[in-house]
Amino acid sequence: MQQIPIRDVGGTLVDRYARQYHYLRLSITDVCNFKCNYCLPDGYKPSASRTPFLRVDEIRRVINGFAELGTRKVRLTGGEPTLRKDFTAIIDTVRQNAAIDTIALTTNGYRMAKSVHEWRAAGLDAINVSVDSLDPKLFHQITGENLFHQVMAGIERALEVGYSQIKVNSVLMKGLNERDFNAFLRWVKDKPIQMRFIELMQTGEMDHFFSQYHLSGAVLMQKLQQNGWQLQQRALTDGPAKVFTHPDYVGSIGLIMPYAKNFCADCNRLRVSAKGQLHLCLFGEEGIDLRDLLQADSQQAQLKLRLQQALGSKREHHYLHQGDSGVRAHLASIGG
């Protein structure tokens, strides 16, 4: 696709639809130790390419480049990011950039009980944990791992070490775990948890699974609004969730509905893969290589220019509603 020049925006990341990008989702590994049925049902399989994942010095340079262009929030993703032995060092590296206001993590939670105090000490500000069922047996069925109690202990430990709120992600699936919806509501009644329900998304390897289990987030939103839940205003660096609160609940509810009309209108996030590819959309192109510009501090100006120029080809929206998931075979390849 021919790149469309973007205007001089004073050292920020702005696309041709006037969307500003303050949020970077940085994958640090493709490897995952869970086998979730909606993502990696057959488990992680290494790619034919032996290209290593980004080193810590490369991560520092990509963070610095984005930060100089206005990025204020960084989310570490995978695969399962905590599988990296240098994970705490990576948090510390991101924390060294004073322009980054928030460092967040998306994790399956299996290491939280043991290590979350180290992550907090290193500077991790926020945690999202995947919990697709409050029934241990169904959790095992969905994830392929019998680790429900370990993950739940990790959430409790995170609250103990000082996190004021934990976000919990669940992919609700028709006829499978949708019956957990009310159980999740009861769970957050007295806990500082934002329960986030993510609409199942179609990917190249999961077409049949999608058609069997997809549940519209609009159905959940209607249930919430009928029961007194109120939609909250979205902050500058917030992700795509529509967040609802209720005066009788300590916790809150988030809905991520990629099939909703105008879902992409307020997009504020870009993605970098674990091997240094810039992705303008979760459901998009092959990626734009950044790694050749992450080898020396002297390359920062070139890196920033490539990032700005890349936004000239960002599409106005994805085409999921037309059944087009782009080149994405599964979400673990880019951090969801």
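**Helix packing, a pocket and a cavity**

User: Helix 1 passing helix 9: left-handed or right-handed crossing?

Analyst: Right-handed, for helix 1 passing helix 9. Bear in mind that this is a predicted model.

User: What angle do helix 1 and helix 9 pack at, and how far apart are the axes?

Analyst: The angle is about 60 degrees, and the axes are 9 Å apart. Helix 9 covers residues 300-310. That angle makes helix 1 oblique to helix 9.

User: Which residues make that contact?

Analyst: From helix 1, Arg61, Val62, Asn64, Gly65, Phe66 and Glu68. From helix 9, Gln300, Leu303, Lys304 and Leu307.

User: And how do the residues of the helix 1 and helix 9 contact divide by class?

Analyst: There are 4 nonpolar, 3 polar and 3 charged residues.

User: OK, helix 2 next. At what angle does helix 1 cross helix 2?

Analyst: At roughly 30 degrees, and the axes come within 9 Å. Helix 1 is residues 56-68 and helix 2 is residues 87-95. At that angle the two helices are therefore roughly parallel to each other. The cut-off for that label is under 35 degrees.

User: Which hand is the crossing of helix 1 and helix 2?

Analyst: The crossing of helix 1 and helix 2 is right-handed.

User: Who meets whom between helix 1 and helix 2?

Analyst: Helix 1 brings Val56, Ile59, Arg60 and Ile63. Helix 2 answers with Ile90, Thr93 and Val94. By class, this contact has 5 nonpolar residues, 1 polar and 1 charged.

User: How does helix 2 sit against helix 3, in angle and axis distance?

Analyst: Their axes cross at roughly 20 degrees and come within 8 Å. Helix 3 is residues 112-122. That makes helix 2 roughly parallel to helix 3. Their crossing is right-handed.

User: Switching topic. How many cavities of 30 Å³ or more?

Analyst: The count comes to 2 cavities of 30 Å³ or more. The second largest cavity has a volume of about 50 Å³.

User: What lines the second largest cavity?

Analyst: Leu172, Phe197, Ile198, Glu199, Leu215, Gly217, Leu220, Ile256 and Met257. Strand 6 and helix 8 (217-226) are the elements that give two or more residues to this lining.

User: Which element gives the most to the lining of that cavity?

Analyst: Strand 6, with 3 residues.

User: And how does that cavity lining divide by class?

Analyst: Into 7 nonpolar, 1 polar and 1 charged. Glu199 is one of the lining residues, and Glu counts as charged.

User: Now pockets. What volume does the second largest pocket have?

Analyst: About 360 Å³ for the second largest pocket.

User: How many residues line the second largest pocket, and which lie nearest its centre?

Analyst: The lining holds 20 residues. Nearest the centre are Arg234, Gly239, Pro240, Ala241 and Lys242.

User: Which elements give two or more residues to that pocket's lining?

Analyst: Strand 6 (193-199) and strand 8 (242-245) do. Strand 6 also gives residues to the lining of the second largest cavity.

User: Last one. How do the pocket lining residues divide by class?

Analyst: For the second largest pocket, 8 are nonpolar, 5 polar and 7 charged.

Technical notes. Residues numbered from 1 in each chain as written. Predicted model: local features only at pLDDT ≥ 70, side-chain atom pairs only at ≥ 80, totals over all residues. Heavy atoms only, no water. Axes fitted to C-alpha atoms, helices over the stretch in contact; angles between N-to-C directions. Helix = DSSP H or I, 4+ residues; strand = E, 2+ residues; numbered from the N terminus. Parallel < 35°, antiparallel > 145°, perpendicular 65-115°, else oblique. Left-handed = near helix turned anticlockwise from the far one by under 90°. Contact = heavy atoms within 4.5 Å. 1 Å grid on protein atoms, 1.4 Å probe; cavity = no way out; pocket = protein on both sides within 12 Å on 5 of 7 lines; lining within 4 Å. Points joined across faces, edges and corners; volume = space filled by probe spheres on them.
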